[in-house]
Amino acid sequence: MKIFKISDEPIYIAGPCSAESREQVYQTALALSKGSKTNVFRAGIWKPRSRPGSFQGRGAEALPWLKEVQDEFHVPVATEIAEPEHLDILDKYGIRIVWLGARTVSNPFSVQKIADALKGSKFSVMVKNPVYPDIELWCGTVERLIDNQVDDIAVIHRGFFPFEKSELRNTPMWEIPIEFRRRFPDIPMICDPSHIAGNKKYINDISQRAFDLNFAGLMLEVHSNPKMALSDSRQQLNPEEFENLITGLKSRKELSDDTDFKNHLEDLREKIDVIDFQLLELLNHRMKYVDEIGEYKRQNNVAVLQLRRWGRILESRLDQAHKAGLSEEFIKQMLELIHKESIARQTEIMKRKY
Ligand code: PEP
Ligand code: MN
């Protein structure tokens, strides 16, 4: 039976970062079983840690604890694997859901070995995004699984290594999971706010954002006693916080069947279509002047890059953006792109010999 399908009901995956003891696993699962919303219980037993000396997980010792959760609470259990051999061990304990972690997905050799080992097996597989924002690695992992006939797949957005100082542990870069969904619309995209946040105070906002973007579900780290957690202590919720979080979230549907809604949406979208058409026409018009100026500079032996003029453009447009209530960061990025294209066109024109 497929665990991962696109539906209007969000899927919730909850459980500790790591299985630490029978008691901790049992107490967390027991508390979650009293709520109504855990579709899959998660717990890491082989933990990829950046530095040696950190808690590396209990390994196979924890398998009876996970099996107990599965048998007693009738909730399927998922854990992270990093090597093909892990699959055989899990199979013996009836654990049939696995995920590939961000570090593993960053390495095509590991992914290929695991994908080969999954061929002909009954595992459901979740694929986290790679550590760095390289969408091809993420897609490539899913393709390697599909090539090996794995047919129950979900992907997990856990954010990307932050190159700039940030209060979040990993930068969401929402445009990347959105592009992934454009390429694979039938694969459910689950958000992992715990690893994006790194601190439980940001989890609510990130979770709601994921639902606003119509994600298929959430994976959340939940620990019976987060303060004592051996890994990722600050980002884990206790079962009560988890319950409060998910009851407060508003999940959104893909679309409404209401005819008035559809008609009004259609009207508004037509307006956007017209504006986009005009924007492109205007850009084309602007580029024609850019080319004309380029030619004029060439004939007069004047350099393409005019820093003072560029400075004035930025300043005046950002001032206008500010007054109009547009995001200055957005307008700045847009102008930089336009400027880059203008420079490229004029540089080409400079090569003319006639
Ligand atoms: C985890 O889910 O506990 C984990 C290690 O995640 P990631 O691979 O996203 O860092
Ligand atoms: Mn973790």
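Student: What does the secondary structure of the protein come to?

Tutor: Helices (H or I, at least four residues) and strands (E, at least two) are DSSP runs, numbered from the N terminus. Here the protein has 13 helices and eight strands. Keep in mind that this is a predicted model, where local features need pLDDT of at least 70, side-chain atom pairs count only at pLDDT 80 or more, and totals for chains, interfaces and linings use all residues. As for bookkeeping, residues are numbered from 1 along each chain as its sequence is written, chains are lettered from A and ligands numbered from 1 in the order in which they are written, and side-chain values use heavy atoms, with hydrogens and water left out.

Student: Along its principal axes, what does the C-alpha trace span?

Tutor: About 80 × 50 × 40 Å.

Student: How many of the residues are buried?

Tutor: "Buried" means under 20% relative accessible area, "exposed" means over 50%, and "partly exposed" is in between (1.4 Å probe, protein chains only). Of the 354 residues in the protein, 44% are buried.

Student: And how do I read contacts?

Tutor: A contact means heavy atoms within 4.5 Å. Among the protein's contacts with a separation of 6 or more, 73% join residues 24 or more positions apart.

Student: Which protein atoms are donors of the manganese ion (ligand 2)?

Tutor: Donors are N, O and S atoms within 2.8 Å of the metal (3.2 Å for Na, K and Ca), and water is not among the atoms, so sites may look incomplete. For this manganese ion the protein donors are Cys 17 (SG), His 195 (NE2), Glu 221 (OE) and Asp 232 (OD), at 2.1 to 2.4 Å. Their spacing in sequence is C-x177-H-x25-E-x10-D. One pair links distant parts of the chain: His 195 sits in helix α8 (residues 193-197) and Asp 232 in the loop between β8 (217-221) and α10 (239-248), 37 residues apart.

Student: Why does His 195 count as buried?

Tutor: Because its relative accessibility is 9%. Asp 232 counts as buried too, because its value is 17%.

Student: What should I know about phi?

Tutor: Most residues other than glycine have a negative phi. Asp 232 has a positive phi, near 45°. Gln 149 also has a positive value, near 65°, and lies in the loop between α6 (135-147) and β6 (153-157). Gln 149 is exposed, with a relative accessible area of 53%. Then there is His 74, which follows α2 and has a positive phi near 50°.

Student: Which residues of helix α2 are buried?

Tutor: An α-helix has 3.6 residues a turn, so residues three or four places apart point the same way. In α2 (residues 63-73), the buried ones are Leu 63, Trp 65, Leu 66, Val 69, Gln 70 and Phe 73. Their cover includes α1 (22-34), β2 (40-42), β3 (77-81) and α3 (84-92).

Student: How many residues does the largest nonpolar core have?

Tutor: A nonpolar core is a set of buried Ala, Val, Leu, Ile, Met, Phe, Trp, Tyr and Cys residues joined through side-chain atoms within 4.5 Å. The largest has 65 residues, and Phe 41, Leu 90, Val 125 and Phe 180 have the most contacts inside it. Apart from it lies another core of twelve residues, including Phe 4, Val 40, Ile 97 and Ala 154.

Student: Where is His 157, and what is it in contact with?

Tutor: His 157 lies in strand β6 and is buried, with a relative accessible area of 0%. Leaving aside neighbours within four places in sequence, the contacts of His 157 include Asn 129, Trp 138, Trp 174, Met 189 and Phe 215.

Student: What about Ser 18: where is it found?

Tutor: Ser 18 is in the loop between β1 (11-15) and α1, and at 0% relative accessibility Ser 18 counts as buried. Not counting residues up to four places away in sequence, Ser 18 touches Gln 24, Gly 44, Lys 47, Phe 55 and Ser 231.

Student: Is Ala 303 buried or partly exposed?

Tutor: Partly exposed, at 49% relative accessibility. Ala 303 is found in the loop between α11 (259-299) and α12 (307-324). Ala 303 and Ile 343 are 40 residues apart in sequence and 10 Å apart in space, C-alpha to C-alpha.
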